[in-house]
Amino acid sequence: MPNSTFADDEYQKFRRFLEKQSGIVLGDNKQYLVRSRLAPLMGKYDLPSISHVIKRSMEPTERQLRLDAIDAMTTNETLWFRDRYPFELLVKQVLPEMDAKKAPIKVWSAACSSGQEPYSIGMSILEYQQQKANSFGRGITVTATDLSSTMLERCAQAEYDSLALARGLSEERKRQFFDDLPSGNMKVKPKVRSLVNFRSHNLLESYSILGKFDVIFCRNVLIYFSAEAKANILRQFAAALNPNGILFLGASESITGLTDEFDMIRCNPGIFYRKK
Ligand SMILES: C[S@@+](CC[C@H](N)C(=O)[O-])C[C@H]1O[C@@H](n2cnc3c(N)ncnc32)[C@H](O)[C@@H]1O
């Protein structure tokens with residue numbers, strides 16, 4: 001019978017380790033979360049207890065177990081066109097401005113989870129292009145990144161079940177942007193998929209390999225990080241943005257007290273940030 005108990009000092013060590021590796025800060029009493037999220041790794045790695053999973057995942061030689069443990073601790077909640085207004089602002093305000101640059105445009109969905117955010121951006125771009133023929137003549141691409149390899153596999157598969165499809169997609173968008181599969185699931189059409197490139201990236205590491213961007217979406221991930229990690233990430237976003245570049249954060253996230261490198265642009269409804 002697998003043993004799912006572990007000592008408080010193990011929990012404290014694992015918390016520090018997780019924050020250092022991923023930025024994710026666990027509260028004082030989140031032992032239950034560690035227990036439920038790491039439990040499947042006992043079977044996968046044939047370990048007799050959560051305590052073994054915790055100890056082994058922190059050993060430098062156990063690279064794959066470490067990655068799996070961090071992956072398991074990520075929260076991947078997401079939906080299509082989440083909060084609606086960022087995508088409306090994208091189409092009404094941001095894409096016309098980007099189109100006017102007459103240059104290749106790069107959008108980054110940082111911490112993209114199972115793909116709903118970058119594919120929603122892709123669909124928004126196609127809807128804009130339907131209204132405005134010959135737009136983005138120099139090309140527009142979406143780079144989507146996440147720390148979780150499980151999520152990146154789902155993104156690449158681009159297949160969604162009825163539960164996921166029911167969260168934020170209109171019938172019209174399903175018809176336009178998805179193909180039916182024999183299983184009853186739906187797959188994102190190639191015209192949307194071809195706009196999006198997925199890659200593995202940890203927001204705590206350097207961003208220089210990703211190049212420069214015109215628009216960054218980083219939504220509903222900074223809430224899990226310390227103020228220090230948030231400030232570092234925002235500093236790196238400012239460096240990764242082209243002049244006047246735009247940043248969208250989650251509805252409950254703000255830059256107050258963390259950076260002075262962005263102006264807040266209030267729209268009605270919603271806000272975004274512009275690099276100064
Ligand atoms: C709650 S989801 C947000 C998804 C999407 N942006 C949205 O708003 O719907 C948070 C995502 O952040 C990812 N994540 C957590 N820590 C990360 C890190 N250090 N670097 C990159 N991604 C990370 C998780 O794997 C997860 O997929």
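Here are some exercises with worked solutions on a predicted model.

**Exercise 1. The largest pocket**

Find out where the largest pocket lies relative to domain 1 and domain 2, and what lines it.

*Solution.* Start with the volume: the largest pocket holds about 560 Å³ of space. Next, look at who sits around it. There are 34 lining residues, and the ones closest to the pocket's centre are Thr 74, Thr 75, Asn 220, Val 221 and Tyr 224. Helix H2 (31–44) and strand S2 (140–146) each put at least two residues into this lining. Sort the lining by class and you get 16 nonpolar, 11 polar and seven charged residues. Now for the location. Domain 1 (8–74) and domain 2 (85–275) both contribute lining residues, so the largest pocket lies between them.

**Exercise 2. The second largest pocket**

Work out which helix gives the largest share of the lining of the second largest pocket, and how that lining divides by class.

*Solution.* The second largest pocket comes in at about 360 Å³. It has 15 lining residues, with Leu 67, Leu 147, Ser 200, Asn 202 and Glu 205 closest to its centre. For the helix, go to H4 (residues 63–73): this helix supplies five residues, the largest share of the lining. By class, the lining splits into four nonpolar, eight polar and three charged residues.

**Exercise 3. Two aromatic pairs**

Take the ring pairs Phe 14 with Phe 17 and Trp 108 with Phe 213, and decide for each whether it is stacked or tilted.

*Solution.* The model has 14 aromatic pairs in total. Begin with Phe 14 and Phe 17: their ring centres are 5.9 Å apart and their planes meet at 35°. Planes have to be under 30 degrees apart to count as stacked and over 60 to count as edge-to-face, so this pair is tilted. Both residues belong to helix H1 (residues 8–22), where they are three residues apart, about one turn of the helix. Phe 14 has a relative accessible area of 0% and is buried. Phe 17, with 12%, is buried too.

Now for Trp 108 and Phe 213. Here the ring centres are 5.0 Å apart and the planes are at 25°, so the pair is stacked. This pair ties together distant parts of the chain: Trp 108 is in strand S1 (residues 105–110) and Phe 213 is in strand S7 (residues 213–218), 105 residues apart. Trp 108 is buried, at 0% relative accessible area. Phe 213 is buried as well, at 0% relative accessibility.

**Exercise 4. Charges over rings**

Identify the residues that lie over the faces of Phe 213 and Phe 81.

*Solution.* Go back to the Phe 213 ring. Lys 106 lies over its face, 4.4 Å from the ring centre. Then move to Phe 81, where Arg 173 takes up a place over the face at 3.7 Å from the ring centre. Phe 81 also belongs to an aromatic cluster, together with Phe 87, Phe 217, Phe 248 and Phe 272.

**Exercise 5. Backbone details in the loops**

Look at Asp 46, Ala 111 and the peptide bond from Asn 268 to Pro 269, and describe the backbone and the setting of each.

*Solution.* Asp 46 has a phi near 55°, which is positive in a residue other than glycine. This residue is in the loop between H2 and helix H3 (50–57). With 68% relative accessibility, Asp 46 counts as exposed.

Ala 111 also has a positive phi, near 70°, and again the residue is not glycine. Ala 111 sits in the loop between S1 and helix H6 (116–131). Its relative accessible area is 18%; buried means under 20%, so Ala 111 is buried.

Finally, the Asn 268 to Pro 269 peptide bond is cis, with omega near 10°. Pro 269 is part of the loop between strand S9 (262–266) and strand S10 (271–275).

**Exercise 6. Val 25**

Decide whether Val 25 is buried, partly exposed or exposed, and how far it is from Arg 15.

*Solution.* Val 25 is in the loop between H1 and H2. Its relative accessible area is 37%, so Val 25 is partly exposed. Val 25 and Arg 15 are 10 residues apart in sequence, and their C-alpha atoms are 7.0 Å apart in space.

Note on methods:
Residues numbered from 1 in each chain as written. Predicted model: local features only at pLDDT ≥ 70, side-chain atom pairs only at ≥ 80, totals over all residues. Heavy atoms only, no water. 1 Å grid on protein atoms, 1.4 Å probe; cavity = no way out; pocket = protein on both sides within 12 Å on 5 of 7 lines; lining within 4 Å. Points joined across faces, edges and corners; volume = space filled by probe spheres on them. Helix = DSSP H or I, 4+ residues; strand = E, 2+ residues; numbered from the N terminus. Nonpolar A, V, L, I, M, F, W, Y, C, P; charged D, E, K, R; others polar. Domains from an automatic or database assignment. Phe/Tyr/Trp six-rings, centres within 6.5 Å; stacked < 30°, edge-to-face > 60°. Buried < 20%, exposed > 50% of the residue type's maximum accessible area, 1.4 Å probe, protein only. Lys NZ or Arg CZ within 6 Å of the ring centre and 35° of its normal.
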